[in-house]
Amino acid sequence: MKIETYSSQVVSLPREVGALDEAPVQVSVDFVTLRLKTDEGAEGIGYAGFAAPVMTKALKEAVDALAAQVIGDDPMRTEAIGEKLLEVGGRGAAAGLVTRAVSAIDVALWDLKGKILGQPVWKLLGGFRNRVPAYASGHLWRTYDADSLARKGAELVEQGFRAMKFRMGAEASNIAEMERMHALCDSVGDEIDIMVDINQGWDVNRSITMGREMEICGLYWLEDPINYQDFDGLARIADALDTPIAAGEYLWGVEPFRLFLERHSVDIVMVDIMRVGGLTQWMKVAHMAQAWNLPVVSHLAPDILAPAVAAVPNGLFVEHMPWSLPLFREELRLENGEIVLDDAPGLGLEFDERWLTS
């Protein structure tokens with residue numbers, strides 16, 4: 001069996017980001033969808049995305065150029081194909097469109113592999129369990145004042161989420177930051193896990209000061225408080241706080257995670273599938289984290305990464321970010337705050353043709 005053809009398409013999906021008032025701001029997010037077909041009629045799907053909109057055209061060209069390199073290859077040889085594509089793509093630093101394109105191809109290969117073998121990807125990757133906790137993301141933004149946070153947080157609890165993440169780092173004073181946090185915590189109650197994402201907005205000292213104040217609320221984790229390349233600074237924060245530090249989404253490729261772990265820069269390892277290079281590489285980081293007795297969590301792409309988090313014993317949470325979900329006909333099945341996976345072959349997903357034909 002060999003890969004015979006590929007096809008790709010740019011898809012722009014609406015993304016609703018709430019503002020301070022009641023009128024949402026409608027924006028969009030771009031993806032490059034990919035189909036790989038074999039000479040025996042099997043098809044695997046994947047996508048690249050989460051890049052800046054101005055790079056969408058270049059991202060599609062990268063996907064097309066690299067997908068053309070796998071024509072004639074055995075789809076079961078994911079490691080060999082991945083290494084070849086990274087070599088063809090330049091074999092330099094992992095950061096950039098090449099890695100995003102390789103990720104789309106690697107995901108499509110795993111989907112193909114599952115369909116060929118008649119097995120779900122979550123079992124092929126390890127099959128530790130068929131359900132994994134998820135937290136709501138993409139709803140509680142920095143622009144939200146205290147009242148907006150409280151209202152939206154309560155809505156997410158009503159939707160069945162037992163954990164949620166909100167953004168901090170935009171307020172000038174620590175008092176204003178804590179007012180927002182208390183508003184959210186009070187609205188959802190003590191039984192809901194709260195994560196906070198700073199997106200690299202603070203320095204080391206403010207991260208420690210604020211981290212200690214936030215411990216009163218029983219914060220589940222503090223995410224990316226400072227620049228992602230300051231491994232020693234992250235280690236200082238992790239050592240100073242009882243609250244776990246989650247980081248890693250900004251790292252490209254597998255290799256930087258070794259330094260991350262060796263320097264004790266993180267308590268919870270977060271891995272972005274587009275930046276690490278696909279499911280094959282994501283699993284390598286997950287196993288590396290397990291060797292250090294640390295949990296691993298996903299970043300974005302819950303449609304693809306729920307099977308990966310469920311596959312390993314140290315899988316902790318899936319980020320339920322809704323941006324890519326409309327790409328597919330199937331909805332993620334959420335029960336009691338957990339994503340439940342079935343035994344459909346491959347990823348168990350089909351593209352929603354309404355978006356691909358528009």
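Strand β2 covers residues 25–38 and contains Thr-33; strands (E, at least two residues) and helices (H or I, at least four) are DSSP runs numbered from the N terminus. The model is predicted: local features need pLDDT of at least 70, side-chain atom pairs count only at pLDDT 80 or more, and totals for chains, interfaces and linings use all residues. Residues are numbered from 1 along each chain as its sequence is written, and side-chain values use heavy atoms, without hydrogens and water.

Thr-33 has a relative accessible area of 2% and is buried (under 20%, with a 1.4 Å probe and protein chains only). Leaving aside residues up to four places away in sequence, Thr-33 touches several residues, among them Ser-7, Tyr-47 and Phe-351 (contact means heavy atoms within 4.5 Å).

β2 also gives 3 residues to the lining of the largest cavity, the most of any element. This cavity holds about 40 Å³ of space. Its lining includes Asp-30, Phe-31 and Val-32, and β3 (43–49) and α1 (56–67) each give two or more residues as well. A cavity is a set of points on a 1 Å grid over the protein atoms alone where a 1.4 Å probe fits but cannot get out, and lining residues have an atom within 4 Å of a point.

Elsewhere, helix α9 (residues 255–262) has Phe-257, Phe-260 and Leu-261 as its buried residues. Seen down the axis of α9, these fall within an arc of 90°, so they line one face of the helix; the arc is taken from the directions from the helix axis to the C-beta atoms. They pack against elements including α8 (231–240) and α11 (279–291).

Methods: Buried < 20%, exposed > 50% of the residue type's maximum accessible area, 1.4 Å probe, protein only. 1 Å grid on protein atoms, 1.4 Å probe; cavity = no way out; pocket = protein on both sides within 12 Å on 5 of 7 lines; lining within 4 Å. Points joined across faces, edges and corners; volume = space filled by probe spheres on them.
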